[in-house]
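Biologist: Could you show me how to read a few features of a protein model?
Modeller: Gladly, let's look together.

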Amino acid sequence: MSTPASGSAYQVESRHPGWPARPGALRVPAGVVALRPVRLRDAGEWSKLRLRDRAYLERWEPTAPGPWDDRNSMVAWLPQWTSLRRLGRQGMCLPFAITVEGRFAGQITLGNVIRASLRSAWIGYWVSSELAGGGVATAAVALAVDHAFAEAGLHRVEATVRPENGASLRVLAKAGFREEGLFLRYLDVAGAWRDHLCFAMTTEEAGDGLRARLVRSGRAEHA
């Protein structure tokens, strides 16, 4: 990325608009989906789902050092939660837990938040395999993006997805994201450099909001 003509650096704002937050809820076939900040006491459910769903999750996630069981144990949640909380307080990300009927069901994060004249972030998410196909990820993306464009004051949200990840591609399509192009050998995933498709949305494209769009399409109801 080129630097501003003035040569000035982007500054992390001392106040993070829109954080902490609980951005509403939507009812989908799987139940009532809501977002809230991640908690230290999520460790047990987080670890249980991650360990159970290794085959479902690992092939799509960035390569990381150490065995899966170690990286997703209850003990491993403490440093992750500490880092997410710090980044949230610094205004660099919005780290949400996804809940369904009040129970922890996954995570969705708006990361690499840049403000100043760019005001953008990326979005990433995972959901329990037991809830696949129930509309949970689509509802979570709608809630997070609406919050990003309203309370958090961002202008653009982007997502990168492997072309083979059909489920995630369908989530972004239902949410209304626009495909921008292909990033070759973009990210080390499952032990190799993988191509990723880039999708994005701006606040102008969101119109009256993704939640409203899902409700009008019949894919969700207000909760």
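Here we talk through a pair of helices and a few backbone details.

Modeller: This is a predicted model, where local features need pLDDT of at least 70, side-chain atom pairs count only at pLDDT 80 or more, and totals for chains, interfaces and linings use all residues. Residues are numbered from 1 along each chain as its sequence is written, and side-chain values use heavy atoms, leaving out hydrogens and water.

Biologist: At what angle do α5 and α6 pack?
Modeller: Two packed helices are described by the angle between their axes and the distance between the axes. Here α5 (residues 136-149) and α6 (residues 166-175) pack at about 45°, with axes 9 Å apart. That makes α5 oblique to α6; angles under 35 degrees count as roughly parallel, over 145 as roughly antiparallel, 65 to 115 as roughly perpendicular and the rest as oblique.

Biologist: Which residues in α5 and α6 meet?
Modeller: Ala137, Thr138 and Val141 of α5 meet Val171, Lys174 and Ala175 of α6, contact meaning heavy atoms within 4.5 Å.

Biologist: Where does Ala190 lie?
Modeller: Ala190 lies in the loop between β7 (178-189) and β8 (192-202). Ala190 has a positive phi of about 50°, although it is not a glycine. Ala190 is also partly exposed, with a relative accessible area of 43% (buried is under 20%, exposed over 50%, partly exposed in between, with a 1.4 Å probe and protein chains only).

Biologist: Which peptide bond is cis?
Modeller: The bond from Trp19 to Pro20 is cis, with omega near -5°. Pro20 lies in the segment before β1 (25-28).

Note on methods
Axes fitted to C-alpha atoms, helices over the stretch in contact; angles between N-to-C directions. Helix = DSSP H or I, 4+ residues; strand = E, 2+ residues; numbered from the N terminus.
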